[in-house]
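Okay, thanks for coming, everyone. Let me put the structure up on the screen, and then we'll walk through it piece by piece.

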Amino acid sequence: MASAKFIFNFFIVSVFLLLVLPGACDAFLLKRHRHRCGFDAIYQLGDSISDTGNLIQEDPASLFARLPYGETFLKKPTGRCSNGLLIIDYIALSAGIPFLDGYLNPNATFGRGRGVNFAVAGSTALPVHVLAEKGIVAPATNSSLATQLDWMFSYFNGICYDEEDCVDKLKSSLFMVGEIGSNDYHYALSQGKSMDEVKAMVPDVVADIKEAIKIVIGYGGRWVVVPGNFPIGCLPIYLTRFKTNNSNAYDSFHCLKELNNLAIYHNQHLQQSIEDLRKQNPNTTIAYGDYYKAYQWILSHVQSLGFDAKSLQKTCCGIGGDYNFNPSKMCGAAGVPVCPEPNRHVNWDGIHLTQASYQLIARWLIHDMNKKHVCSFYY
């Protein structure tokens, strides 16, 4: 039974979302359809797109542990790499599930049995020693996907009596495997690897994600969502680093085609792996979360969604250059300003998106899952 304090806080957050955020009522779509979905817990693997506080436990000096991160939500940093909430927060709200605590959070309330967030900002799909063999350093964290799976094993080993009990406990749980893999490519590109060398990593990266999905299914997961990569060529960090006078390098959204093609290549491999796993596991629903298409939907409807078209490719929290981004003076550092209206910006800090963007992506994703009858397994 949830405490009175928790119920009050959840009510306050819900009212805040409904009154302040555009289209927030759509965020409760899964809850309204619980006779179809009926999720009672969510387990998250991934990186900074979904980390709700693990990295700042590993590294309390991280910029993500400082304001202005979290300023729109609780007026304080929570470890979320945004000004407020993330996609996973809106998915949890839509299913009527409390926000997920980070696995490393010493004050976590895992006893409620509503799920755990294992994601760590900066993490990679490939283990750090495998990246090192390729001449790539993972500077942010050693908690790769394999480490997160070890944490998940330890957690389930603590709540399940045996394999059969675990299958029974997890049959109504939603597993989010990713988004992950983008940091593998980011570190490679930032450390001088060519695009051909980075593309050659894709099969290995996707193979590790596929293995993670198989492990989740082995625990008894019957509902799995596997998000793909965003169109990374639209992010200020890459637009700044790979800026060129060649107009043919950009698409109609002024995103770098070559970087977006890398994301597409990854997503194609990932979708093929998902299709293979669907054939091997007919009693498990495995859905592809199309973050790429959701992001493009936002770019295509910027003005009608309330964003400032003039700031489309600029950060809200940043300083300098054409994209308001300086890699040597990131958001959270002293003297880096924040835009007065974050909800009118798509991008938050050059790498991550604003709460407003994440809310819309979650809404798009939930609509897409319902449209594809992802929840029909429980009819």
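Predicted model: local features only at pLDDT ≥ 70, side-chain atom pairs only at ≥ 80, totals over all residues.

How many of the residues in H8 are buried? Eight of its nine, so this helix, residues 182-190, is mostly covered, taking under 20% relative accessible area as buried. If you want to click on them, they are Ser182, Asn183, Asp184, Tyr185, His186, Tyr187, Ala188 and Leu189. And just after H8 you'll find Gly192, with a positive phi of about 90°.

Five strands make it up, in the order E2-E1-E3-E4-E5, and it's an open sheet with parallel pairing. Which strands sit at the edges? Those are E2 (115-117) and E5 (285-289), and each of them pairs on one side only. Going from one strand to the next, the twist averages 20°.

Quick bit of background: strands in a sheet pair through backbone hydrogen bonds, and that can be parallel or antiparallel. Here, E1 (residues 41-45) runs parallel to E2, and three bridges join them. Look for Ile42, which stands opposite Gly115 in E2. Helix H4 packs on this sheet, touching E1, E2 and E3 (173-177), and its direction makes about 165° with that of E1.

Now, two residues in loops. Ser62 is in the loop between helix H3 (55-58) and helix H4 (87-94). Is Ser62 buried or exposed? Its relative accessibility is 8%, so Ser62 counts as buried. Apart from neighbours within four places in sequence, Ser62 is in contact with Leu55 and Ile56.

The other one is Tyr323, in the loop between helix H13 (291-300) and helix H14 (355-371). Tyr323 counts as buried because its relative accessibility is 8%. What does Tyr323 touch, not counting residues up to four places away in sequence? The list is Pro236, Leu239, Thr240, Tyr250, His254, Gln313, Lys314 and Thr315. With His254 there's a polar contact too: the two side chains are joined at 3.0 Å. And one more distance for Tyr323: its C-alpha atom is separated by 9.1 Å from that of Leu235, although the two residues are 88 apart along the chain.

Technical notes. Residues numbered from 1 in each chain as written. Heavy atoms only, no water. Helix = DSSP H or I, 4+ residues; strand = E, 2+ residues; numbered from the N terminus. Buried < 20%, exposed > 50% of the residue type's maximum accessible area, 1.4 Å probe, protein only. Contact = heavy atoms within 4.5 Å. Polar contact = N/O pair within 3.5 Å; in protein donor to acceptor, adjacent residues only side chain to side chain. Pairing = 2+ DSSP bridges. Axes fitted to C-alpha atoms, helices over the stretch in contact; angles between N-to-C directions.
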